[in-house]
Structure formats: C-alpha cells, structure tokens
Amino acid sequence: MLLTSELLRMKAFLALVLVMFPCWLRAQPEKTAPTSLYTDAQGRYQLSYPRAWQLRRDVGDAEAAFYAPATGQPVPAVVTLIARPLPDALQDRKLTAPGAQDSLWRSIRRLSKVQVVRLEQKDYGRYEEVRYEYTYAPNPAQPARTRVAGRRIWRVGYEFQVEYRAETSQDARYLSEGQQLLDSFTFTDKSISSRRYADQVCDSKMYGIAAVSRRTGQWEDDCRTIHEFSTDDISEAPTVHREVLPFQSYALAKGFDNCLYSVTKAPTDRPELVYRYDPAARRGAYTTWQLPAQGLNNIWISAATDERGDLYFLTSDAKRLVKVSPSEGGAVTVVWTKDPTQLTAYYPDIAFPGAGTHGNFCLDATNTMYLVYSTDGSLLKVDVKTQRPFPELLPLTGLPKRGGYSDLLLQNDESGRRRLYLAGPHSLYKVDLARQKAHFVRRGTYTDLAGCNVFHVVYRSPPPLPSASAPWRGRVLNAATYQPLPATELHIGSERASAVVPLSAEGSFSYGAALGKPYYYRAQLPGFVDADSSWTMGPGAAVHDILLRPLAVGTTLPLANVQFEQGQAVLLPTSFTALNQLVELMTTNPGLTIEVRGHTDNVGEAAKNVALSEERVAAVKTYLTAHGVAAARITGIGFGGAKPAASNAQEITRKLNRRVEFRVTGV
C-alpha cells in the first residue's frame with residue numbers, strides 16, 4: 001500500500017512537470033559542429049572552420065584552403081582564403097563607389113548559364129565589402145552546376161577574399177557549413193599597416209634637390225641627388241641620396257606616404273610621367289600619373305603638397321598649375337592655365353623680358369600659395385581656390401644678394417609653430433613672416449624643397465551615410481536553362497507588386513529601392529510558374545536575379561511557407577498565400593496536373609514520419625479541391641524523411657527537410 005501511494009505521488013509530480021515545463025520534453029538544443037580557429041601568422045584576422053574539414057596552407061594563390069571531408073576525389077567542397085595587397089592603381093580608390101560593382105557583375109555574367117543569387121556591396125567606413133553568391137555551368141553541355149559564394153573585403157590597401165566553391169549537388173550537405181565559415185571571417189584588434197595614401201602620417205623630414213655636387217675636386221651640375229634633413233636641426237649634415245632621380249629635375253614634392261615625387265626639367269612639349277622615390281627603401285619607379293605637355297620653351301620648375309596630400313606642379317612661367325591626387329588613383333587635374341599674378345599692379349615689375357621666374361612655390365594649410373621671385377627673394381601670394389592674387393609683394397630683409405632664389409617650403413614643428421624655409425643662392429634661410437626677415441641656416445644650393453610636416457594631422461573623411469535608396473538590379477531567367485526571359489511581365493512594389501518594371505533585351509531590370517524595406521515582386525510569363533515573392537534591399541547597390549520555372553513534365557517546385565502545426569497535419573494560416581497561388585496557377589492552366597510531395601526530417605520513427613507526410617499531403621489536396629481544383633488533377637505521395645534536401649545533423653538545416661513540394665505530371 002505504501003508503494004502504491006509513492007507511485008501515485010510520483011505520477012502526480014510528473015504530471016505537474018508536464019503541465020508547467022513542457023519544454024523539458026523537447027529535444028535538447030542542437031550542438032553545432034565543433035570548430036577550429038584559423039588565424040594568420042601576424043594574428044590580424046581569423047575565421048572558424050568545422051573541425052571535420054581539412055586545413056591546408058599555401059595552396060596556389062590561397063593563404064589557406066579548407067576542404068570538406070571526402071572519401072575520395074574530387075573534394076566535394078572547398079573554401080579558400082586569399083589576402084593580398086591591392087595594385088597601386090586601386091589601393092587608394094573607393095572600391096564600392098557608384099558603379100564599382102558593375103565590373104564584378106560583368107565578370108560573373110560572362111560565365112555560362114549563370115544565376116546571380118546575391119551581389120551586395122557595403123561601405124563600413126573602416127573597410128568596404130562585397131558579398132556574392134551565384135551558380136553557373138562549368139560545362140554548358142553537362143547538367144552539373146557549380147555554386148560560388150564569397151566575401152571580398154578591401155581594407156587599408158589590401159584585399160581579403162573568402163570563397164566557397166562546390167557543385168550544387170553538395171548544397172544539402174556542405175553549403176550551410178560553408179556559409180558559416182564565410183560569415184566567421186573577422187579582423188582582430190591587431191592593426192594592419194595601411195597602404196592607402198590618405199591613411200599615412202607624414203613625418204617631419206624635409207628634402208631638397210641638390211643643384212651641384214662636388215666630384216673629383218670640382219663642382220658640377222647635378223639636379224639628380226636628393227638631400228634629406230631633419231627639421232629638428234636643419235643645420236646638421238644631411239643624408240645624401242646620390243643621383244637617385246633618373247633625370248635632372250627642378251621640381252620635388254613629398255607625399256603623405258613619405259615618398260618623393262618629381263618630374264624632369266627637360267623643356268619638351270609632351271606629357272611627362274611623374275617619378276616616385278622612396279627614401280626609406282632607396283628605390284624609385286615611374287608612376288602612371290602623367291602631367292600634360294607644358295609647352296616647348298617651358299619646364300616644370302616647382303612642386304608642393306597641400307593639406308589633403310595632393311601634389312601640385314607649376315611651370316616656370318607660372319601659367320600652368322596641375323594637381324595630382326594620389327588618393328584618387330593619381331587623377332590629374334589642371335588647376336589653371338593663366339598666371340593669376342598678371343592681374344596685379346606689381347606684375348610688370350617682375351615679368352619684363354629677362355626677369356627671373358616667380359614659379360617656385362609652396363602651399364600653406366589654407367591652400368594659399370606662396371611664390372618667390374628669383375631675382376630678389378620677394379614673396380607673392382595667391383589663393384589657389386579662387387585663383388585671386390594678393391595685391392602686394394612681400395619683400396624680405398636679411399638676404400645677401402640678388403639672384404638665385406629657387407624655392408620655398410612651409411612647415412610646422414612639433415609644437416605647431418610655423419616655419420618657412422627659403423632656398424637662396426648657395427644657402428638655406430629661415431623666414432620670419434611676421435617681420436618679413438630671413439635668417440641664414442646652412443650652406444647648400446637646391447633647386448626645390450619638399451616636405452609636408454605642415455599637414456601633420458591626417459584629414460580623414462567620416463564614413464559616408466548610406467543612401468536612402470539604391471538600385472536593385474537583376475535579370476529574369478529561365479530556371480531550367482538560365483537563359484534570359486525578356487518577354488516576362490515584371491511587377492515590383494513596396495506594399496504589393498504594383499509597378500510595371502521594363503526589361504531589356506537581356507532580361508535585365510533596375511528598380512530604385514529603399515534600404516531595409518521588403519519589396520514584393522511578381523514575374524509572369526505563359527508556360528512558366530509565376531514567381532511571386534519578396535526581397536529586402538540591403539545597404540549599397542545589389543544584384544539579385546529572378547528565376548521562372550517552366551511548366552514542364554517532371555519539374556518539381558517548392559510550396560514556400562506551407563507549414564503545419566507541430567507533429568500534426570493541420571495547415572497554419574501562413575500557408576494560405578502559397579496555396580492560393582497554386583490554385584491560381586492551376587486555374588489559369590487547366591491542363592496542368594500535379595503530384596503533391598510531403599517530406600519530414602529524420603527525427604522519430606521512419607514509419608510514423610511517412611504516415612505524417614502522407615496526412616499532410618492529403619491536407620494540401622483537400623485545400624486545393626475546396627478552392628475549385630478537380631481532385632482528379634491532384635495525386636500525392638509522402639516520403640517521410642527518405643529524401644532530405646539538407647543535412648539532418650543540425651536543426652538549422654534539418655528544418656529545410658520539413659517541406660511540401662509539387663511535381664508537374666501533365667501540362
């Protein structure tokens with residue numbers, strides 16, 4: 001009797017547990033596949049990969065490759081990681097600027113029978129990223145298709161690419177793990193030295209082109225050797241970079257990358273390439289930046305750097321000022337083609353026949369140009385932005401003699417105090433602008449001075465705000481052949497698919513969409529199943545193709561969002577939209593007959609899963625017949641868990657196996 005009462009109390013307790021804590025009876029949370037962490041040698045970035053996948057380093061161009069488990073060849077799926085410096089022409093460009101995505105889209109579209117599943121570009125300020133996914137046929141004569149998904153990230157002058165590649169037949173088994181691997185790539189807190197020009201911090205060194213050098217006891221013309229000074233004490237002996245320019249030059253500018261930029265002094269009426277010299281590496285090479293022709297009897301006489309790191313070159317007659325923008329890939333802009341000082345009253349006093357040049361210059365932080373009259377060292381000023389000259393000359397005292405004043409350089413010291421250096425005849429001077437007086441600093445004859453310490457603070461633009469809208473572009477394609485369907489009637493709208501969107505001869509469309517908002521689309525073409533769905537626009541321009549499935553015998557199509565009560569064959573209201581669309585399809589195509597197919601996951605007894613899938617097929621058939629579809633046009637079969645569409649190892653993929661489809665049996 002005591003035992004019976006104990007059993008009754010235990011049963012009561014279990015009943016209470018069932019009422020209050022039903023979740024205890026559910027399956028325990030799925031354990032994700034165990035992962036390993038990959039980090040590059042410098043610890044700058046990392047990713048997680050399934051422990052069952054094999055890691056191999058230095059595979060072709062890839063820093064690392066992750067291979068899905070396989071019993072033989074070929075390997076069913078692989079993810080590669082590539083990290084490489086961007087080409088010089090691209091490292092400073094905004095790679096997600098408007099239109100930048102087009103090159104990737106064009107390259108993808110060149111593949112055979114390609115479908116773009118996803119192509120989105122984003123600018124996060126600190127870095128830029130393009131995510132992509134597409135399928136294509138490597139061999140157009142074969143049915144096998146390859147899926148490619150990846151991320152391309154551009155940061156501080158480097159490109160990082162993580163890419164998944166496998167046949168689409170492997171999607172069910174490996175795609176989910178591959179996507180998780182892609183998503184896991186991230187940067188660590190360890191900094192990466194930037195190669196981008198605008199990210200550099202210009203040091204306090206200054207440079208000058210030596211006009212003469214002493215050889216075999218004799219002074220000779222040089223103009224190819226560069227002297228390097230520390231502005232802490234310019235009177236100290238310089239570091240000599242002997243004959244590092246491949247030409248004689250009168251013009252030298254220092255970039256934010258601490259490299260020196262120069263151009264030949266040859267008086268030729270032809271475009272000239274800018275030469276870059278790295279004093280730290282003691283190496284130089286021509287850039288692709290080309291200055292326009294300066295005139296047959298003219299030369300590029302001086303160069304300087306502005307507060308944004310742009311380089312300026314001026315001709316000896318001061319009539320042609322050119323700007324080179326390294327942060328924009330070396331874009332060359334002609335600033336003016338007429339000397340602004342011609343508008344001043346003093347111009348006749350400095351521009352008579354035989355007078356010296358006033359083309360040597362420097363720039364201050366407000367983009368005011370200071371020029372020096374070579375005959376007596378007087379200073380001229382011009383507002384570069386407005387191209388208006390200041391009305392008065394600024395004569396200097398303390399200069400020893402007339403003639404030979406060849407350049408100016410304006411810098412700040414570490415305390416922010418402004419210093420103006422003047423290259424005079426056989427000497428360097430420091431100029432007190434307030435008193436308009438020059439002081440001797442050291443001996444030396446220089447054709448041009450270069451430095452950028454006045455622009456010690458690097459000006460970085462804030463991350464751009466995403467546009468309120470961006471173009472959604474794509475194509476309407478045949479889901480069987482992946483050929484364009486330009487005759488399709490396409491409707492897109494924010495509330496419902498209302499606006500008619502025209503298609504090009506290639507089946508392409510473009511639609512302005514607001515960010516983060518779902519857009520409904522409907523694509524209709526006789527002989528095809530209507531594509532009726534929605535798509536949400538992310539930040540930045542995006543590409544997403546729309547597939548139309550042909551109404552051909554043997555075609556199997558999913559019934560999206562057809563859902564049931566857990567463990568039951570009772571349709572949820574969320575199923576009605578998809579089922580109503582199927583009713584409409586069968587109404588407009590009276591010859592269409594179908595086989596409804598039910599599937600479950602593999603949890604539980606196989607026989608019970610088959611029975612449940614058959615009951616759910618019957619529920620779908622009942623709904624269709626209740627809405628006017630003849631029962632004779634519908635057959636059905638329940639497969640249980642025998643035909644999985646994805647892996648049953650994890651809940652995230654197992655739920656893809658709980659689905660309803662229909663197969664076209666007649667048209």
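The following questions and answers cover a disulfide and a helix pair in a predicted model.

Residues are numbered from 1 along each chain as its sequence is written. In this predicted model local features need pLDDT of at least 70 and side-chain atom pairs count only at pLDDT 80 or more, while totals for chains, interfaces and linings use all residues; side-chain values use heavy atoms, without hydrogens and water.

Reader: Which cysteines form a disulfide, and what is its handedness?
Author: A disulfide is a pair of cysteine sulfur atoms within 2.5 Å. The sulfur atoms of Cys 202 and Cys 452 are 1.5 Å apart. The torsion about their S-S bond is about 60 degrees, so the disulfide of Cys 202 and Cys 452 is right-handed.

Reader: Is Cys 362 buried or exposed?
Author: Buried means under 20% relative accessible area, exposed over 50%, and partly exposed in between, with a 1.4 Å probe and protein chains only. Cys 362 has 3% relative accessibility and therefore counts as buried.

Reader: How are α5 and α6 oriented to each other?
Author: Helices are DSSP runs of H or I with at least four residues, numbered from the N terminus. Helix α5 (residues 576–588) and helix α6 (residues 606–626) pack at an angle of about 55 degrees, where axes are lines fitted to C-alpha atoms over the stretch in contact and angles run from 0 to 180 degrees between N-to-C directions. Angles under 35 degrees count as roughly parallel, over 145 as roughly antiparallel, 65 to 115 as roughly perpendicular and the rest as oblique. The orientation of α5 and α6 is therefore oblique.

Key:
Helix = DSSP H or I, 4+ residues; strand = E, 2+ residues; numbered from the N terminus.
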